[in-house]
Amino acid sequence: MAHHSESVDYGSYLALDQLLALQHPRSEPEHPDELLFIIVHQASELWFKVLLHELHGLISRLGAFDSIGAALSVRRVNALMEIVASQLSALETLPPQRFAQFRGYLGQSSGSQSDQFRAIEALSGLRDPHFMAAISDHGEPPAIVQQALAQPTLQDLFDQLVAHEGTTLEELYVGPAPTALFMIAEGLLEYEQNFSRWRFLHVQLVERIIGPGTGGTGGTLGAKYLQRTISHRFFPHLWAVRSKFYGATR
Ligand code: HEM
């Protein structure tokens with residue numbers, strides 16, 4: 001498999017000339033904070049790209065009943081999601097009055113138009129009716145989202161793997177020793193938590209920068225809309241199994 005290419009170096013391997021020429025602040029004169037705003041978004045989209053790639057890997061491994069492989073995939077997916085969430089802190093250094101100075105240059109552009117983000121939600125198994133309505137708001141969803149929706153959900157795949165191994169979700173949690181399946185179950189729950197944490201940090205950032213009552217550039221109610229998305233769940237079965245160990249509440 002080893003291929004040597006004399007002509008490859010750091011810059012050409014990573015296509016740095018192209019990559020570093022892709023930041024185009026629109027404010028005039030250029031606002032000193034717009035570069036940070038662009039780079040946090042671009043970097044998030046790059047991490048979304050690798051996250052999508054790894055989610056596809058996880059889906060294949062779950063589908064092939066490869067539990068050790070799936071456990072490793074979930075670990076990586078979680079490492080990526082933590083990075084995406086922690087990047088938002090860079091924008092917490094952007095005071096509201098300074099964002100207001102260049103927000104007008106964004107026009108109608110909004111994170112809600114991120115096809116990769118929607119594909120990640122779909123691939124992770126989100127089928128909430130509000131979500132389904134939102135993705136077809138502007139006609140046909142983009143191909144990347146349609147492809148993600150055509151995949152079985154992570155929850156379905158995991159349930160199938162559990163059944164394939166002749167056990168049940170509840171048994172995973174009461175067995176004598178943790179198994180690979182248990183590690184996947186807890187890893188998927190962590191993924192859900194990491195994802196919700198991104199949603200929470202993002203809505204808090206939005207409230208901090210534009211205020212809780214300001215509408216978004218994408219035409220939503222802003223923080224109010226985003227607050228509602230925090231309760232979306234990819235793995236209701238994994239949440240439900242926990243209450244089975246406790247008495248019913250009234
Ligand atoms: C100054 C910082 C930010 C502000 C003020 C902000 C504001 C908003 C607002 C108001 C919305 C709701 C949609 C709308 O009407 O526009 C939104 C959605 C969204 N934003 Fe941001 N955002 C910021 C940073 C980021 C960053 C760094 C990312 C990373 C990619 C991001 C990704 C998204 C995504 C994916 C959505 C859709 C969320 C959903 O529908 O569940 N945002 N943003």
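I take helices as DSSP runs of H or I with at least four residues, and strands as E runs of at least two. The model is predicted.

**Overall count**

I counted elements in the chain. There are 13 helices and 0 strands. For extent, I looked at the C-alpha trace along its principal axes, which spans about 65 × 65 × 35 Å. I checked burial next: 22% of the 250 residues count as buried.

**α3 against α4**

I turned to α3 (residues 34–63) and its packing on α4 (residues 67–87). Their axes come within 9 Å and cross at roughly 165°. Angles over 145 degrees count as roughly antiparallel, so α3 and α4 are roughly antiparallel to each other. I noted the hand of this crossing as left-handed. I listed the contact residues. On α3 they include Val 40, Ala 43, Trp 47, Val 50 and Leu 58. On α4 they include Gly 69, Val 74, Val 77, Leu 80 and Ile 83. By class, the contact of α3 with α4 has 15 nonpolar, 5 polar and 3 charged residues.

**α3 against α6**

I then followed α3 to α6 (residues 115–124). The two axes come within 10 Å and cross at roughly 25°. Angles under 35 degrees count as roughly parallel, so α3 runs roughly parallel to α6. Here, too, I recorded a left-handed crossing. From α3, the residues that meet α6 are Glu 45, Phe 48, Lys 49, Leu 51, Leu 52 and Leu 55. Their partners in α6 are Gln 116, Phe 117, Ala 119, Ile 120, Leu 123 and Ser 124. I sorted this contact by class and got 8 nonpolar, 2 polar and 2 charged residues. Leu 51 and Leu 55 are on my α6 list, and both are on my α4 list.

**Ligand shell**

Last, I looked up the ligand. I found 26 residues around it, the closest being Ser 110, Gly 111, Gly 216, Gly 218 and Thr 220. Which helices each supply at least two residues of this shell? They are α3, α11 (180–210) and α12 (223–229). I noted that α11 gives the most, with 5 residues. I also sorted the shell by class: 12 nonpolar, 14 polar and no charged residues.

Conventions. Residues numbered from 1 in each chain as written. Predicted model: local features only at pLDDT ≥ 70, side-chain atom pairs only at ≥ 80, totals over all residues. Axes fitted to C-alpha atoms, helices over the stretch in contact; angles between N-to-C directions. Parallel < 35°, antiparallel > 145°, perpendicular 65-115°, else oblique. Left-handed = near helix turned anticlockwise from the far one by under 90°. Contact = placed C-beta atoms within 7 Å. Nonpolar A, V, L, I, M, F, W, Y, C, P; charged D, E, K, R; others polar. Buried ≥ 20, exposed ≤ 12 C-beta atoms within 10 Å, placed from the backbone. Near = placed C-beta within 6 Å.
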